[in-house]
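The sequence and structure are shown first.

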Amino acid sequence: MVDFTFIVLAFNEEQHLPRLMKSLQPLGADVIVVDSGSTDSTIDIAQKSGAHVITNPFENHPKQWDFALRNIEIKTPWVVCLDSDHILLPELVNRLANFTDATVDRSVNGIYFNRKNYFKGKWIKHGGYFPKYLLKMFRVGFGHSDLNENMDHRFVVSGKTIIWNDGYLKEENLKENKISFWIEKHNRYSDLVAEEEIERRNTQRVQGVKPMFFGSPDQRIAYYKSIWWRMPLFIRPVLYFVYRYFFQLGFLDGKQGMIFHYLQGFWFRFIVDVKIYELKKKNEKS
């Protein structure tokens, strides 16, 4: 008997879903796909792969995960939450194949996987992008979606968590190989992030995870974010890119890495700062 269920978010993922479903197949676990209105063959692919499909309109990732965790009846003691552009690599498949609830310490309620992020066919392994730990597996009833985030969704788990350093989860969005798609997508994301930061500056939002440098991977990220929000606009994207590309050796990721680190580490964050500046000016006039 398999002690975990997979939940997968999807929207027009006919390009990605077959890869993910193929990587899940050896484990024989139940798969539930939460679709947000796909108009391509996503639902057909999911059903033919043996997945159960439910639908829910999409607002943002945190709210979609909140809907899934609140409304899906999960019959296993553990749940694994994935996006359609994920793929379980052999080491993670092996970890899960040998996983049973009985072998896990009762104090452990969550497990971090180690993500390998790919951009334009290349593994981005420098610039602070590897290792990258994502809390993707937790005991049913002990984890929830952090609704204090607009865009960077994360799960919050009560109790102890552990890390599978060799539990590799590949993330590769093939749509982002077309740079116009990447820019359009992140331009939309920048609206969400800018609005969210304005609300944080006005104390309308708080961090769902306690900031701690020596805490869990998510607590460390929360610590870094608490510093980021206090840094001056327009200067922080420059400092971050220089630190990431040179001090964290992002330049070793080659041509694809240069594009990725510049766009994700500087351009996106600079656009966010411009939109924060515009929102602040608008609020001052109103």
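Two strands are said to pair if DSSP finds at least two bridges between them. Strands (E, at least two residues) and helices (H or I, at least four) are DSSP runs, numbered from the N terminus. The model is predicted, so that local features need pLDDT of at least 70 and side-chain atom pairs count only at pLDDT 80 or more, while totals for chains, interfaces and linings use all residues. Residues are numbered from 1 along each chain as its sequence is written, and side-chain values use heavy atoms, with hydrogens and water left out.

Strand β1 spans residues 4–10. Seven of its seven residues are buried, where buried means under 20% relative accessible area, exposed over 50%, and partly exposed in between (1.4 Å probe, protein chains only). In a regular strand the side chains alternate between the two faces of the sheet. In β1, Phe4, Phe6, Val8 and Ala10 point one way and Thr5, Ile7 and Leu9 the other way, and all are buried.

Strand β1 pairs with β4 (residues 78–83) in the parallel sense, over six bridges; there, Phe4 has Trp78 as its bridge partner. The pairing of β1 with β2 (residues 31–35) is also parallel, over five bridges. Within β2, Val31 stands opposite Phe6.

Strand β6 covers residues 108–119, and twelve of its twelve residues are buried. The pairings of β6 are set out below.

| β11 (residues 160–172) | parallel | nine | Asn117 and Glu171 |

With β7, strand β6 forms a hairpin that has two residues between the strands. Lys120, in the turn, has a positive phi of about 50°.

Strand β11 spans residues 160–172. The side chains of Lys170 and Glu172 meet in a salt bridge at 3.5 Å, N to O. Both Lys170 and Glu172 are buried.

**Packing of helices α5 and α8**

Two packed helices are described by the angle between their axes and the distance between the axes. Helix α5 (residues 179–201) packs against helix α8 (residues 254–285) at an angle of about 45°, and their axes are 8 Å apart. That angle makes α5 oblique to α8: angles under 35 degrees count as roughly parallel, over 145 as roughly antiparallel, 65 to 115 as roughly perpendicular and the rest as oblique. The axes are lines fitted to C-alpha atoms, for helices over the stretch in contact, and angles run from 0 to 180 degrees between N-to-C directions.

The crossing of α5 and α8 is right-handed, meaning that the near helix is turned clockwise from the far one by less than a right angle. The residues of this contact comprise 15 nonpolar, five polar and six charged. Here Ala, Val, Leu, Ile, Met, Phe, Trp, Tyr, Cys and Pro count as nonpolar, Asp, Glu, Lys and Arg as charged, and the others, Gly among them, as polar.

Gly257 is found in helix α8 and is buried, with a relative accessible area of 0%. Between Gly257 and Tyr118 there are 139 residues of separation in sequence, but their C-alpha atoms are 9.6 Å apart in space.

**Salt bridges**

A salt bridge is a side-chain nitrogen of Lys or Arg within 4 Å of a carboxyl oxygen of Asp or Glu. By this rule there are 23 salt bridges.

Lys225 forms one with Asp152, and the closest N and O atoms are 3.6 Å apart. Lys225 lies in helix α6 (residues 217–228) and Asp152 in the loop between β9 (143–145) and β10 (155–157), so this pair ties together parts that are 73 residues apart in sequence. At 15% relative accessibility Lys225 is buried, whereas Asp152, at 36%, is partly exposed.

Arg154 forms a salt bridge with Asp218, with 3.9 Å between the closest N and O atoms. Arg154 lies in the loop between β9 and β10 and Asp218 in helix α6, so the pair joins parts 64 residues apart in sequence. Both Arg154 and Asp218 are buried.

These residues belong to a network of salt bridges that links Asp146, Glu149, Asp152, Arg154, Glu196, Arg200, Asp218 and Lys225.
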